[in-house]
Amino acid sequence: MLIQVCLYFYCKFLWRCLKFVMRKLTGRCELQRICYNTKPGASRTMKIETSLRDSKSKLLQTSVSVHPDAIEKTIDDIMELKKINPDINPQLGISLQACLLQIVGYRNLIADVEKLRRESYDSDNPQHEEMLLKLWKFLKPNTPLESRISKQWCEIGFQGDDPKTDFRGMGLLGLYNLQYFAERDAAAAQQVLSDSLHPKCSKFSKAEWEKKRMDKAIGYSFAIVGINITDLAYNLLVSGALKTHFYNIAPEAPTLSHFQQTFCYLMHEFHKFWIEEDPMDIMEFNRVREKFRKRIIKQLQNPDMALCPHFAASEGLINM
């Protein structure tokens, strides 16, 4: 343990010495070197975030958690601290502002998502009930719901006659995500629902089924899997794994809509992955989910990665 602590401080000392030498050689501070030598996107923003967080300056350390309205003043303070003339280096302020908007926005997005996750579904809340009924309407537009408490809910993948009990793990966040998918990309959501109930009737051709030996295709509960994928998206967000994606696709602060669009992408991709894995029974769900999670994390480790959605709900993300 003592050796590890000594090694940490030794490396930190060497890093500070290297930064000092680089500043003397280039005439630029680390923030300048990052902004001028790294292309916009996750690579630049994550390097800026690390530089600010690890700085010995309190101003730089706290800049990653300021209020969005204070970002402009914070940048002015950083420029003054680093003795950088904004008239000579105008692009630096613009680049720093874009990075800080993403960094601060990501932290605020975690707070917004956490708030929804902690809010329990309340059947006495008209807004909650309205969202739930809309979910049915979007997924089953041609089938009226006979009553609020009904076995019909099982048709869209809930476990019993009252869906409120299934939202306990993810709170309102699960419902928000499911409704977003069902409303913003109705055709795809309805197709995924249909495939989950009748996997052998999916868009795979007969030849593909035979090639993949999917003669015993197993379906899954759409709504329950949606809540489970919400949990996956939530953990990817909180762990920081989604930074590469959001920093590459959100020109400024990532929002709740970006998170919900990412959920839609994960639902779409998990559905294809489930079909391709061709599990023997539903008991293999955890194995398939874990394999899928590892694949997504591996993709997100690429600093140039953007989870490229290819359906209506996320068309606005591309080329931002």
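A residue is called buried under 20% relative accessible area, exposed over 50%, and partly exposed in between (1.4 Å probe, protein chains only). By this scale Leu197, at 42% relative accessibility, counts as partly exposed. Leu197 lies in helix H9 (residues 186–197). Its C-alpha atom is separated by 5.5 Å from that of Gly219, 22 residues apart along the chain.

The model is predicted: local features need pLDDT of at least 70, side-chain atom pairs count only at pLDDT 80 or more, and totals for chains, interfaces and linings use all residues. Residues are numbered from 1 along each chain as its sequence is written, and side-chain values use heavy atoms, with hydrogens and water left out.

The chain has 14 helices and 0 strands. Helices (H or I, at least four residues) and strands (E, at least two) are DSSP runs, numbered from the N terminus. Of the 320 residues in the chain, 47% are buried. The accessible surface is about 17,300 Å² (Shrake-Rupley method, 1.4 Å probe; for residues, only the protein chains shown count as cover). Carbon and sulfur atoms hold 54% of that surface. Contact means heavy atoms within 4.5 Å. Among contacts with a separation of 6 or more, 65% join residues 24 or more positions apart.

Two helix pairs were examined. Axes are lines fitted to C-alpha atoms, for helices over the stretch in contact, and angles run from 0 to 180 degrees between N-to-C directions. Angles under 35 degrees count as roughly parallel, over 145 as roughly antiparallel, 65 to 115 as roughly perpendicular and the rest as oblique.

The axes of helix H3 (residues 42–53) and helix H6 (residues 90–118) cross at roughly 85° and come within 9 Å. H3 is therefore roughly perpendicular to H6. H3 contributes Arg44, Thr45, Ile48, Glu49 and Leu52 to the contact, and H6 contributes Ser95, Leu96, Cys99, Leu100, Gln102 and Ile103. The H3–H6 contact has 6 nonpolar, 3 polar and 2 charged residues. Here Ala, Val, Leu, Ile, Met, Phe, Trp, Tyr, Cys and Pro count as nonpolar, Asp, Glu, Lys and Arg as charged, and the others, Gly among them, as polar.

Helix H11 (residues 222–239) and helix H13 (residues 256–277) have axes that come within 9 Å and cross at roughly 125°. The two are therefore oblique to each other. On the H11 side, the contact residues include Phe222, Ile229 and Tyr234; these meet a set in H13 that includes Phe259, Phe263 and Met267. The H11–H13 contact has 12 nonpolar, 2 polar and no charged residues.
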